[in-house]
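Student: Could you take a close look at one residue of this model and then work outward to the elements and packing of the rest of the chain? Please state the cut-off behind each term as you go.

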Amino acid sequence: MRFPTVPRFLAVVVLLSFSVASTSVFAQNQSTAKPKPHVIVIGVNGMELDVIRPLILEGKMPNLASVIKKGAYGKLRTVSAPNCPRVYSTLFTSTHPEEHGVSGFIVGGITANTNMLKEEPIWSILSKNQITVGMANVPATFPVMPVNGYMISGMLTRGKNCEDGVLCAPKLSEVQGGEPVYPPAMKAELIKNVGDFFIDCERMPSAEQLKNHEPEVIDAWLKKVDVIRAQQTKLFDYLLTEHPTEFTWLAQSCEDRTGHWLYPIAPYNAGYNPKINAVRTDAFPNQYVAFDAVLGSILKHIDDKTYLFIVSDHGIKPLREFEQTDPHAHMDHEKTTPVIAKHDFADGDDVPGSFFAMGPGIKQGLRLLGFEASVYDFAPTVLHIYGIEPTKQMHGHVLNEIFESSDGKVAQK
Ligand SMILES: [Zn+2]
């Protein structure tokens with residue numbers, strides 16, 4: 001198998017980034033240019049509407065409830081056998097996994113990385129169009145690539161205690177095998193002002209670690225997840241305050257990680273083990289309550305001129321694939337963790353992602369029914385807000401149905 005070492009779109013971005021690095025990377029006061037739209041995207045790995053809807057009914061997710069009220073939301077059709085790098089790279093490029101090349105966590109025996117990306121990602125297109133870009137903790141962005149702004153890598157970052165980079169959390173200072181921060185000088189600044197944070201989310205415990213110590217191991221793991229989320233919240237707040245960009249993409253991944261082994265399943269579900277599954281039945285819903293607080297801290301940076309997208313790559317459901325000989329078989333996550341919920345079902349429509357949008361010219365209180373929106377539509381819709389045509393490679397369409405005016409024109413253009 002062959003991997004391109006330097007994707008063909010990279011050279012252009014490198015040239016561009018050199019020309020902007022000293023002037024506009026962090027400077028927002030370009031008085032000569034017309035103000036460009038501000039878009040903030042929050043990626044949530046494995047957001048499951050089956051769990052979120054009851055929480056909203058109970059008033060436990062007030063911030064997401066307000067976004068739903070003020071905007072449009074619905075399911076997001078995902079790809080087959082969805083997993084994070086596979087879907088995120090589709091969100092980046094609006095192309096099929098076979099085309100963009102990042103088909104899973106491991107591709108041809110190697111942990112997926114940005115050098116494998118064969119189609120131009122949205123951060124490159126935006127950078128070329130002089131849009132300032134900021135990205136943090138977004139899966140499958142390691143090693144980081146030059147952008148017209150900053151990029152801090154997310155899931156699949158490799159480092160100490162996380163040598164293969166698959167579903168574990170290296171510290172920023174302990175990253176190995178590639179750059180986690182662009183521009184590189186920003187790394188010291190982050191460590192000074194935010195602290196030496198964990199990238200991605202904690203590795204799930206193995207069956208051996210759990211055995212006969214279930215409650216302690218579960219609680220210790222959840223505590224670590226709380227620490228990681230608090231660090232990410234601080235990072236996001238710092239970036240939005242100190243380095244605002246026209247396009248910003250932040251992501252969270254602990255929700256999915258928790259769901260895989262602590263989804264509150266019932267005794268009739270496959271894999272039910274009361275020693276684990278009856279211990280902290282609120283652990284998974286609590287992840288979304290915690291996410292709602294993170295959302296609240298991000299909403300403080302959003303005015304009525306800012307577009308907000310909350311996008312999930314897929315949902316997560318209890319094991320249900322009886323066609324498989326081993327229902328616990330899970331290709332992409334920790335090998336021995338007693339996984340009781342997953343998302344890499346052959347039919348991606350079993351585990352749709354979700355999509356929430358609000359901002360100037362976006363309909364209020366709109367619910368998209370069925371599969372009107374797909375992961376392919378994300379990049380074209382964001383580009384549309386900036387008045388940029390989708391590239392020829394893209395399979396998705398602009399989600400005109402979420403915009404108020406019938407021709408789908410964005411007010412801010
Ligand atoms: Zn997962």
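Tutor: Leu 64 lies in helix H3, which spans residues 62-70; helices here are DSSP runs of H or I with at least four residues, strands are runs of E with at least two, and both are numbered from the N terminus. Residue numbers start from 1 along each chain as its sequence is written. The model is a predicted one, in which local features need pLDDT of at least 70 and side-chain atom pairs count only at pLDDT 80 or more, while totals for chains, interfaces and linings use all residues.

Leu 64 counts as buried because it has 23 C-beta neighbours inside 10 Å; the term requires 20 or more other C-beta atoms within 10 Å of the residue's own, 12 or fewer makes a residue exposed, anything in between makes it partly exposed, and the C-beta atoms are placed from the backbone. Apart from neighbours within four places in sequence, Leu 64 is in contact with Ile 56, Asp 292 and Leu 295, where contact means that the C-beta atoms, placed from the backbone, lie within 7 Å. Leu 64 and Ala 293 are 229 residues apart along the chain, yet their C-alpha atoms are separated by 9.4 Å. For the chain as a whole, among contacts between residues at least 6 apart in sequence, 73% join residues at least 24 apart.

Helix H12 (residues 283-299) also packs against helix H10 (residues 254-262), their axes coming within 8 Å and crossing at roughly 170 degrees; axes are lines fitted to C-alpha atoms, for helices over the stretch in contact, and angles run from 0 to 180 degrees between N-to-C directions. That crossing makes H10 roughly antiparallel to H12, since angles over 145 degrees carry that label, those under 35 count as roughly parallel, those from 65 to 115 as roughly perpendicular and the rest as oblique. On the H10 side the residues are Cys 254, Glu 255, Thr 258, Gly 259 and Leu 262, and they meet Ala 283, Phe 284, Gln 287, Tyr 288 and Phe 291 in H12.

Leu 262 and Phe 284 return in a separate core of 14 residues, which also includes Val 339 and Phe 345; a nonpolar core is a set of buried Ala, Val, Leu, Ile, Met, Phe, Trp, Tyr and Cys residues joined through C-beta atoms within 7 Å. The largest such core has 95 residues, and Met 151 and Phe 309 have the most contacts inside it. Helix H9 supplies the largest share of this core, 7 residues. Not counting residues up to four places away in sequence, Met 151 touches Trp 123, Met 135, Thr 141, Val 144, Met 145 and Tyr 182.

Strand S6 (residues 149-154) pairs with strand S5 (residues 133-137) in the parallel sense over 5 bridges, pairing requiring that DSSP find at least two bridges between the strands. Gly 134 stands opposite Tyr 150 in S6. Helix H9 (residues 214-242) packs on the sheet, where it touches S5 and strand S8 (247-252), and its direction makes about 170 degrees with that of S5. The open sheet is formed by 9 strands in the order S7-S6-S5-S8-S1-S9-S12-S2-S13, with mixed pairing.

Another covered element is helix H4 (residues 84-93), with 10 of its 10 residues buried; what covers them includes helix H5 (97-100), helix H6 (122-128), strand S9 (306-312) and helix H13 (378-385). Overall, the chain comes to 13 helices and 13 strands, and 50% of its 413 residues count as buried.

Conventions: Two residues are in contact if their C-beta atoms, placed from the backbone, lie within 7 Å.
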